[in-house]
Amino acid sequence: MEAVKDIVIVGAGIAGLTTALGLHRLGIRSLVLESSDGLRTTGFALTTWTNAWQALDAIGIGEPLRQQHNQLFRSQTLTTSSGLSTAERQFDAPGTQRGHEIRCVQRRILLETLANELPGDTIRYSSKVVSIDGSGYLKLVHLSDGLILKAKVLIGCDGVNSAVAKWLGFKMPALVGRSAIRGSVYYEHSHGFEPKSLRYFDEGVRFGVVPCNDTSIYWFFTFSSSSQNEEMEESSAKMKQFVLGKLGKIPDNMRAVIEKTELDDIILSPLTFRPPWEILWGSISKTNVCVAGDAFHPMTPDIGQGGCAALEDGVILARCLGEALRDKQGMSSEEEYKRIEMGLQSYARERRWRAFELISTAHMVGYIQQSNGRVLNFLRNRVLATFLARLPLKIASYDCGKLRAS
Ligand SMILES: Cc1cc2nc3c(=O)[nH]c(=O)nc-3n(C[C@H](O)[C@H](O)[C@H](O)COP(=O)(O)OP(=O)(O)OC[C@H]3O[C@@H](n4cnc5c(N)ncnc54)[C@H](O)[C@@H]3O)c2cc1C
């Protein structure tokens, strides 16, 4: 058994490291337990919207990330069947969505930037949490190597299969019957694509190509899962072939992006979400335990907000805990426990409706964008195209605030 740790965070992903860095900026130490033997960068890259940049600035890493990722100025939606454009949106057009900041960030760079800002001994790798139980004002955190840690605060940032969410009473996230294949391509010299986000929707598929910077491009392809999935899981070559076979009328330079992708740089993931009503009545926090990121609100990637929301969680959770633990010198264990419980409750209150809104919107957008049927295709491509292109910007208009309340 090890000594008592004040704050134990499970998972060194976006949510865990953002929370740890937010706390560190407030002068509060934490220990992050990560099951892998290094940072996990599965997924290559992610679109980060204005709300994510507010959070990144709040924890002081916005600038170095801006320098490594190009700002995207436009998004264009097209159909794979005709190759025609159905909606176009200028992110910085005067009088409309002025002030939006959207970039496609490489996960490795994001996680390394977060980790490098933390004191050297904050992350403990190869530390898989297998169970949790209570002991007075402390939680006992059992690791797979037999070690037991005592924690005054336990924060689950352990992703979609979260052990902490399970302890809080959440069910496993539900499969939505769709999967995503993602890839990343690196160019020795400039790839020549404009800094804009290109998205194709039609006939049950959703495909996008987004430049991260001058030399790297991220792409994704989502589709209805089928028995083909199992076959593909074994082979990146089959995934690549599958995507190439489904692309329809897209320009040659877009097709070339998929063709150039190395087989090691392609992955397949089944998509899951937590039904939004579980967020409304579930326990986001209980006593001195809470969840953040995908452990709290796994959502489909249709509005590109899961990681952005994990950043928002991290800032707000650090602020709530910072408030709760302010002037704790001389406080009794009972008083400290009560203050922590109230701090986590106020985090849960601030996040519940935001998480509900994000999960519901993502699910609705995914349903419409990937639907396959004449009526829905017509509605999506002719009637709803502009609304659907505007929605992600509306959702991204959210400011998580600074780390200090005043
Ligand atoms: C196809 C796809 C596309 C996406 N696109 C976007 C996008 O464009 N924009 C966006 O914002 N989001 C996007 N997302 C969502 C985003 O990837 C996630 O929301 C984000 O990675 C969640 O971060 P997290 O830290 O909560 O969880 P994770 O990144 O899953 O990190 C959890 C960490 O906890 C560790 N862990 C798990 N269990 C344990 C344990 N028992 N003990 C110790 N450690 C443990 C894991 O090893 C991992 O490192 C996408 C997701 C998918 C599937």
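How many salt bridges does a search of the whole structure find? The count comes to 22. Keep in mind that this is a predicted model, and let's walk through a few of those pairs.

Start with Asp-121 and Arg-29, which form a salt bridge whose closest N and O atoms are 2.8 Å apart. Asp-121 sits in the loop between α4 and β7, while Arg-29 sits in the loop between α1 and β2, so this pair ties together parts that are 92 residues apart in sequence. Asp-121 counts as exposed because its relative accessibility is 51% and the cut-off is over 50%.

Next up is Arg-124, which pairs with Asp-145 at 3.8 Å between the closest N and O atoms. Here strand β7 holds Arg-124 and the loop between β9 and β10 holds Asp-145, so the bridge links parts 21 residues apart in sequence. Both ends are partly exposed: Arg-124 has a relative accessible area of 27%, and Asp-145 is at 48%.

Now for a pair under cover. Arg-103 and Glu-101 form a salt bridge, with 2.9 Å between their closest N and O atoms, and both residues are buried. They also belong to a network of salt bridges that links them with Asp-57, Glu-63 and Arg-66.

Helix α2 covers residues 50-58, and seven of its nine residues are buried. Trp-53 and Leu-56 are among them. Just after α2, Gly-60 takes a positive phi of about 80 degrees.

Val-375, Phe-378 and Leu-379 make a nonpolar patch of about 280 Å². Leu-379 belongs to helix α12 and, at 31% relative accessibility, counts as partly exposed.

Key
Residues numbered from 1 in each chain as written. Predicted model: local features only at pLDDT ≥ 70, side-chain atom pairs only at ≥ 80, totals over all residues. Heavy atoms only, no water. Buried < 20%, exposed > 50% of the residue type's maximum accessible area, 1.4 Å probe, protein only. Helix = DSSP H or I, 4+ residues; strand = E, 2+ residues; numbered from the N terminus. Patch = residues over 30% accessible without salt bridge, like charges linked within 9 Å, V, L, I, M, F, W, Y side chains within 5 Å. Areas by Shrake-Rupley, 256 points an atom, 1.4 Å probe, with all protein chains shown as cover. Salt bridge = Lys/Arg side-chain N within 4 Å of Asp/Glu carboxyl O.
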